[in-house]
Amino acid sequence: MTSRNLFLSTVLAADGFYCVVGLKKGTPRQQFVETLDEVNNLVNSLLDDGFDTYFGCAKYETDDGRTAKNAKWFKSFWLDLDCGEGKSYESQAQALTSLRDFCRETKLPKPIVVNSGRGVHAYWPLLEPIGYNDWKPVAEALKKLCATHALHADPSVTADAARILRVPNTANFKNPEAPYAVKVMSMADAIEFETFKNLVGYDMM
């Protein structure tokens, strides 16, 4: 299994449709597929054409659209830490330090960490997939927890059921002359949903 497939199979449920999105100068290419082989073919084609390539963080019930209503299965919770001039963190190193401190303070386990080319994406994978009604309030609790502990995760991302984030083993083409590599920095063990829910303080909301 490739590192990309390992990542995707860890953070995404087995059931449902994958969503792959390519963005280039405001022109989106979005497609729903059913297998990882199809995902990789699409991703590699988009990459060859110079597209920034993203995946839907949920699995979808149908191929009718990337909406929260259609987002059916969830197997992870995620954060997006923006880095660079004028961003929440000046550097990835600073963001990683803040993420590490956040996990220590909240007792959350180490997440999967992805270098998004400029920023940092963090994922807590679950042992078993859950539905939207279970996922959404806990994602909102995670967003609140980040604010409480001054972890500057993009609040528009954390509880967005239809969110797309960058696919590992691609490129960030924001600087087309010198694209940044998008890659997994570290993997992490999956966690029971009930354990994660308790750690983010959902029951106390």
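## Core and pockets of a predicted model

The largest nonpolar core holds 66 residues, and F55, F77, L99, F102 and L142 have the most contacts inside it. Helix 4 (residues 132–148) gives the largest share of this core, seven residues. Such a core is a set of buried Ala, Val, Leu, Ile, Met, Phe, Trp, Tyr and Cys residues joined through side-chain atoms within 4.5 Å; buried means under 20% relative accessible area, with a 1.4 Å probe and protein chains only. L99 touches L79, L81, P111, V113, A122, W124 and L151, leaving aside residues up to four places away in sequence. A contact means heavy atoms within 4.5 Å.

This is a predicted model: local features need pLDDT of at least 70, side-chain atom pairs count only at pLDDT 80 or more, and totals for chains, interfaces and linings use all residues. Residues are numbered from 1 along each chain as its sequence is written, and side-chain values use heavy atoms, without hydrogens and water.

Now the pockets. On a 1 Å grid over the protein atoms alone, a pocket is an open set of points with protein on both sides within 12 Å along at least five of seven lines; lining residues have an atom within 4 Å of a point. A volume is the space filled by probe spheres set on the points.

| Pocket | Volume | Lining by class |
|---|---|---|
| Largest | About 370 Å³ | six nonpolar, five polar, nine charged residues |

The largest pocket is lined by 20 residues, and D80, D82, H121, R166 and K174 are the closest to its centre. L23, K24, K25, G50, D52, F173, K174 and P176 line the second largest pocket.

Conventions: On a 1 Å grid over the protein atoms alone, a cavity is a set of points where a 1.4 Å probe fits but cannot get out, and a pocket is an open set with protein on both sides within 12 Å along at least five of seven lines; lining residues have an atom within 4 Å of a point. Ala, Val, Leu, Ile, Met, Phe, Trp, Tyr, Cys and Pro count as nonpolar, Asp, Glu, Lys and Arg as charged, and the others, Gly among them, as polar. Buried means under 20% relative accessible area, exposed over 50%, partly exposed in between (1.4 Å probe, protein chains only). Helices (H or I, at least four residues) and strands (E, at least two) are DSSP runs, numbered from the N terminus.
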